[in-house]
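Reader: Could you take me through the wording used for this model? I would like to see the definitions at work.

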Amino acid sequence: MSALHITRIEWRGVGIQLEFRPNRWNSPVDHIEIRSDNRVPLPITETGYKSYFLQANQVTPDTLAEQITAWLDEEAQSETWKRSEEASRQLSLF
């Protein structure tokens with residue numbers, strides 16, 4: 001059974017829990033679960049939850065927070081996210 005590593009980060013004022021399981025199911029695959037507090041949308045997930053599989057050894061518990069933050073920062077540059085972020089700041093009359 002693979003070890004579970006839990007890390008918390010804050011990205012642009014949003015709390016996020018990262019769960020990292022290296023060698024998930026005793027395979028050469030790592031698994032990351034990303035959950036924002038209150039399921040606030042993120043640039044990588046509209047639902048505030050993301051399950052992500054990757055080849056083993058691309059991430060370590062020590063680099064997880066830095067790599068996820070870089071991923072969020074990169075995806076936040078998309079026009080879709082910028083529009084979504086702007087719309088969430090504006091008040092709706094309906």
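Predicted model: local features only at pLDDT ≥ 70, side-chain atom pairs only at ≥ 80, totals over all residues.

Reader: What makes strand 3 largely enclosed?

Author: Buried means under 20% relative accessible area, exposed over 50%, and partly exposed in between (1.4 Å probe, protein chains only). In strand 3 (residues 29–36), 6 of the 8 residues are buried, so the rest of the structure largely encloses this strand. Strands here are DSSP runs of E, at least two residues long, and helices are runs of H or I with at least four, numbered from the N terminus.

Reader: How do you know that strand 3 pairs with strand 4?

Author: Pairing takes at least two DSSP bridges between two strands. Strand 3 and strand 4 (residues 49–55) have 7, and run antiparallel; E33 stands opposite S51 there. Strand 2 (residues 14–21) is joined to strand 3 by 6 bridges, also antiparallel, with R21 opposite H31.

Reader: Why are the buried residues of helix 1 said to line one face?

Author: These are L64, I68 and L72. Seen down the axis of helix 1, they fall within an arc of 60° (taken from the directions from the helix axis to the C-beta atoms), so they line one face. On the other side, E66 and E74 are exposed.

Key: Residues numbered from 1 in each chain as written. Heavy atoms only, no water.
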